[in-house]
Amino acid sequence: MPTDAGLPPLGFKAAPGGCAVEHVTAAAVAIERSSHGTRSRVVWQPWYSRRRSRASGESADTMDAPAGMGWRLVKQALDRVGLLRPLSRSYHLWRARPFAAYPVVADGLPLPPPELMMLVGGDGDAAGFLETGRGIAAAIEDVLGRAGLRLDRFTAVLDFGCGCGRVLRHWSSVRGPCFHGSDVDSRLIAWCRDNLPHVSCRVNAAAPPLDCPAAAFDFVVLFSVFTHLPRAAQQAWLTELARVLQPGGHLLLTTHGEHYAADLTAAERACFMAGELVVRFPNAAGSNACAAYHPEAAILALAAERFEVRAFVPARFGQDFSLLQRRADSRP
Ligand SMILES: C[S@@+](CC[C@H](N)C(=O)[O-])C[C@H]1O[C@@H](n2cnc3c(N)ncnc32)[C@H](O)[C@@H]1O
């Protein structure tokens, strides 16, 4: 049993080396404590959660990346009859079945049920959820660092399209900013509200505006949100996010870029190479079935009116990271 106060006594078992090992459904996670804080580490995974490589550079959303032609034709047929979006959600929930839900605590915060992890990351695997989330949070801080910025120096941070807090949970010990999360999916936000006490959460509508005043935040982050929205929605949300950002505030968004170019069809690749945004299944906007691919030029075009690009870092977790700064003279 772990001896530290603060960790609930949920099915822990002593492990070699004095770690607390938590038997979650899809992995065993060791909780390690040191003077630097608490971190969780995967110590065992069954075959069904090891089947996909988690090597750095692989997207967290590979399940939704382009697959074979057969699968694509099925998706096209479903899209034509308006079933792609609802069935995409059911497919994710079905894929979560092998992972029974447990109210498990790993890293001091509860884990979301597998079906919610599946919705945001395409996998119900607890170990992968924690590992990927930690890596993304670190990558965001790294990209900020390249522009001389630090997360703990901001005052109000918004994770737009926060899902079930895969990234936000890793900032629970960051002192300084107030953290906010917003998502279109009320189930994801309900879970964050109940389980992430350091985050203030809200549900937003599928289209702007956000229910908050102008200039409310100095940093907004979107991990893998514009990857699932068509062009008009991206433009509308970028305008709205500029409104809620302070002049000079920063926005970091991630997109599918060159890393995925080889998976595109010849026609799609030609558009992509010509600098155009490619969007598959725009009718399924906001769900993982809708997939957008941004060449760097498309990001510049999207941002041009209100933002300057401060950094562009390709292919971290399969996604390109663009750090934008709201121009002080831009329209709100
Ligand atoms: C691939 S998931 C990523 C979630 C989270 N950023 C993460 O990394 O775990 C995409 C998220 O965007 C959310 N989303 C899609 N359309 C949205 C919209 N119009 N407004 C807010 N969130 C949206 C989805 O509900 C989902 O949680």
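**Notebook: chain, helices, ligand shell**

I checked burial first: of the 332 residues of the chain, 45% count as buried. For this, a residue is buried if 20 or more other C-beta atoms lie within 10 Å of its own, exposed if 12 or fewer, and partly exposed in between, with C-beta atoms placed from the backbone. The model is predicted, so I kept its rules in mind: local features need pLDDT of at least 70, side-chain atom pairs count only at pLDDT 80 or more, and totals for chains, interfaces and linings use all residues. Residues are numbered from 1 along each chain as its sequence is written.

**Confidence**

I read the chain average of pLDDT (the predictor's confidence in each residue, from 0 to 100) as 80, with 74% of the residues at 70 or above. Over residues 1-66 the pLDDT stays under 50, and the model has 131 contacts beyond four places in sequence for them. Residues 99-103 also have a pLDDT below 50, with 12 contacts beyond near neighbours in sequence. Two residues are in contact if their C-beta atoms, placed from the backbone, lie within 7 Å. Where pLDDT is low, the predicted coordinates should not be read in detail.

**Overall make-up**

I noted nine helices and 15 strands in the chain. These are DSSP runs, numbered from the N terminus: helices are H or I of at least four residues, strands E of at least two. Of the contacts with a separation of 6 or more, 62% are between residues 24 or more positions apart.

**Helix α7**

I looked up α7, residues 231-244: it has 14 residues and reaches 20 Å from first C-alpha to last, close to the 20 Å expected at 1.5 Å a residue. The expected span is 1.5 Å times one less than the number of residues. Which residues of α7 are buried? They are Ala233, Gln234, Trp237, Leu238, Leu241, Ala242 and Val244. These cover an arc of only 165 degrees around the axis, which puts them on the same side of α7. The arc is that of the directions from the helix axis to the C-beta atoms. The buried residues of α7 pack against several elements, among them β10 (217-222), β11 (245-255) and β15 (319-326).

Val220 is in β10 and has 25 C-beta neighbours inside 10 Å, so Val220 counts as buried. Beyond four places in sequence, Val220 contacts Leu158, Phe160, Leu241, Leu245 and Leu251. Leu323 lies in β15 and is buried because it has 23 C-beta neighbours inside 10 Å. The C-alpha atoms of Val220 and Leu323 are 9.9 Å apart, across 103 residues of chain.

**Helix α6**

I found Leu188, Ile189, Trp191 and Cys192 buried in α6 (residues 186-195). They fall within an arc of 160 degrees seen down the axis, so they line one face of α6. Exposed Ser186 and Asp194 are on the face turned away from that buried side. The buried residues of α6 pack against α4 (114-121), β8 (178-183) and β9 (199-203).

**Ligand shell**

I listed 20 residues around the ligand, of which Gly161, Gly163, Arg166, Val184 and Gly286 come nearest. A residue is near a molecule if its C-beta atom, placed from the backbone, lies within 6 Å of it. The shell divides into nine nonpolar, seven polar and four charged residues. Ala, Val, Leu, Ile, Met, Phe, Trp, Tyr, Cys and Pro count as nonpolar, Asp, Glu, Lys and Arg as charged, and the others, Gly among them, as polar.
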